[in-house]
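Thanks for coming. I will go through one structure today, starting with a helix and ending with the ligands.

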Amino acid sequence: MNVRDSEAVAAMLEAAGHERAASEQDAELVIVNSCTVRDMAERKAVGKCGNLIALKEGRGRAARSAGGAVKVVGLIGCAVKRLGDEVFSRLPGLDFAAGPRRMGMVPRLVERALAGETRILELPDDDEVPAGLDAHLASGGAAGPSPFQSYVTVLLGCDNRCSYCIVPDVRGHEYSRPAREVVAEVRSLAANGVKEVCLLGQSVLRYGRRTPAWSEADPPSPGGFFEPFPRLLEALDAIPGLERVRFTSAHPGGCTDELVRAFQTLPSVCRHIHLPVQSGSDRVLREMGRRYTRAEYLAAVAKLRAMDPEFAVTTDVIVGYPGETEEDFEQTRSLMDEAGFDNAFVFKYSPRPGTRAAALPDDVPEEEKERRDQVLLADQQRRGLERNGRLVGTVREVLAEGPSLRNAARWSGRDSGNRIVVFEPEGRVGRGELARVAIREAHAQTLVGALA
Ligand code: SAM
Ligand code: SF4
């Protein structure tokens with residue numbers, strides 16, 4: 001989400017006449033886009049900003065050795081909304097700060113800062129809709145994984161209020177962008193060579209639920225979709241030139257029969273869902289306010305896998321939530337096995353000020369959080385290898401992204417399930433093209449094959 005917001009800000013600055021610097025050292029203006037979902041993320045963003053301010057003021061070792069060109073430093077994103085005025089006591093030399101739903105103001109703030117103003121603060125209201133949501137860099141999705149892939153924001157904010165999560169406080173209320181706007185944005189991206197879009201929202205299956213996405217003036221769904229999100233997928237599937245549509249993140253409550261039908265009948269909709277589970281213990285899920293049980297979660301996974309056994313399901317898990325016992329943790333382990341996740345992101349619980357869980361004692365010791373983290377990661381290595389092993393001998397359709405990081409002779413790309421596939425292009429496949437790859441080898445995180 002922050003990659004996308006950063007791209008939009010960069011595109012707005014480009015449109016206002018600024019040029020992209022070759023490196024941070026060459027830049028006169030540097031803006032740090034922050035996250036505050038965990039304490040460490042916020043500390044990193046604030047620390048980075050502090051270093052840039054030192055560079056600007058000619059202080060510190062970095063300034064003496066590199067002597068950067070930086071004149072203006074700005075901080076944007078979720079940490080600004082959380083810190084409010086405090087941002088300037090933490091970062092006295094900061095020129096401007098803007099919360100996530102004020103990103104459209106950034107070009108104006110840069111002008112004011114260049115004119116000599118300092119310590120400008122813009123805190124958004126919870127219902128604001130920023131300008132520039134559809135601004136993309138001229139090179140297509142350059143801030144995405146490749147110029148052929150682009151992120152598109154469809155839903156802002158979140159109203160779920162899970163007990164541990166600061167997102168609703170900093171990103172405001174749920175707001176769905178009108179479908180007409182999203183379709184126009186994706187159509188223009190596809191006309192500029194984008195082959196794959198990833199639709200973004202905290203709980204993206206809530207699209208069109210709190211605020212309307214479709215109006216009477218919109219044409220009816222040709223396939224008879226009534227739910228706003230499947231109907232959006234259908235409209236995007238019809239866009240010429242667009243090969244793939246992905247989305248993230250999803251909540252099991254939104255895994256309706258219509259969504260399954262969308263996966264099944266719309267060829268460009270990728271067979272992957274990122275479905276954060278957070279815990280496998282019903283007791284913990286209830287305390288977190290996740291509004292599903294373990295059984296309901298597993299039923300949603302089973303529904304998708306009944307349609308396609310290779311349907312990829314990935315997840316987020318929190319270890320060390322207040323009061324998480326060994327038994328709760330074992331429930332998470334067994335759920336992860338039962339769900340057969342293709343990949344999992346594991347987070348150690350971090351108390352966030354103002355959330356319900358922050359009032360509870362953070363009673364799982366750090367070493368124990370670390371142990372649980374490592375256990376789940378080791379389990380996932382084994383599981384990933386097992387799941388990927390089933391694909392050896394099959395042919396996967398891969399969107400070629402270009403030379404892989406480790407070995408330039410080999411290219412990497414992703415299959416519909418978002419699995420990384422490594423292959424040799426043999427001069428037959430170009431970047432951004434679809435290739436058919438016969439899988440020969442499986443690792444926990446990658447598949448290796450040859451053009452079929
Ligand atoms: N909206 C998505 C959902 O409902 O699952 C996820 C949003 S959150 C930005 C991304 C992930 O960060 C969450 O799925 C959760 O695992 C993790 N997370 C959120 N708050 C956390 C906290 N206080 N401590 C540790 N991890 C946290
Ligand atoms: Fe946070 Fe829950 Fe909203 Fe996800 S659904 S952003 S975890 S409050």
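Helix α8, residues 179-191, lies across β5 and β8. The angle between α8 and β5 is about 165 degrees. Before going further, note that this is a predicted model.

Now the strands under discussion. β5 and β8 belong to an open sheet of 3 strands, in the order β5-β8-β9, and the pairing is parallel. Which strands are at the edges? They are β5, residues 149-153, and β9, residues 244-248, and each of them pairs on one side only. From one strand to the next, the twist averages 25 degrees.

To find the pairing on screen, look for Tyr-151, which stands opposite Cys-198 in β8.

Strands of a sheet pair through backbone hydrogen bonds, and the pairing is either parallel or antiparallel.

Next, another open sheet. This one also has 3 strands with parallel pairing, in the order β10-β11-β12. Why is one side of β10 and of β12 left without a neighbour in the sheet? Both strands stand at the edges and each has a single partner strand, so one side of each has no neighbour there. Neighbouring strands in this sheet are turned by 15 degrees against each other on average, ignoring direction. Between β10 and β11 there are 3 bridges, in the parallel sense. His-272 stands opposite Ala-312 in β11.

For antiparallel pairing, go to strand β13, residues 395-403. Strand β13 runs antiparallel to β16, residues 434-442, with 5 bridges between them. β13 also pairs with β14, residues 411-414, over 4 bridges, again in the antiparallel sense. A residue to look at here is Leu-399: it stands opposite Leu-434 in β16, and its bridge partner in β14 is Arg-414.

That leaves the ligands. Ligand 1 has 16 residues around it, and those that come nearest are Tyr-164, Gln-202, Gln-278, Asp-316 and Ser-350. How do the residues of this shell divide by class? There are 7 nonpolar, 4 polar and 5 charged.

Some distances to ligand 1. From Asp-316, a polar side-chain atom lies 2.6 Å from an oxygen atom of the ligand. With Gln-202, a polar backbone atom is 2.7 Å from a nitrogen atom of ligand 1. Ser-350 also uses a polar backbone atom, 2.8 Å from a nitrogen atom of the ligand. The elements giving two or more residues to its shell are β11, residues 312-319, and β12, residues 343-348. Both strands belong to the sheet ordered β10-β11-β12.

Finally, ligand 2. Among the residues around it are Cys-158, Cys-162 and Cys-165, along with Arg-161 and Arg-290. By class, its shell has 6 nonpolar, 2 polar and 2 charged residues. Tyr-164 and Gln-202 are around ligand 2, and both are also among the residues that come nearest to ligand 1. I will stop there.

How values were computed:
Residues numbered from 1 in each chain as written. Chains lettered and ligands numbered in written order. Predicted model: local features only at pLDDT ≥ 70, side-chain atom pairs only at ≥ 80, totals over all residues. Heavy atoms only, no water. Near = heavy atom within 4 Å. Polar contact = N/O pair within 3.5 Å; in protein donor to acceptor, adjacent residues only side chain to side chain. Nonpolar A, V, L, I, M, F, W, Y, C, P; charged D, E, K, R; others polar. Pairing = 2+ DSSP bridges. Axes fitted to C-alpha atoms, helices over the stretch in contact; angles between N-to-C directions. Contact = heavy atoms within 4.5 Å.
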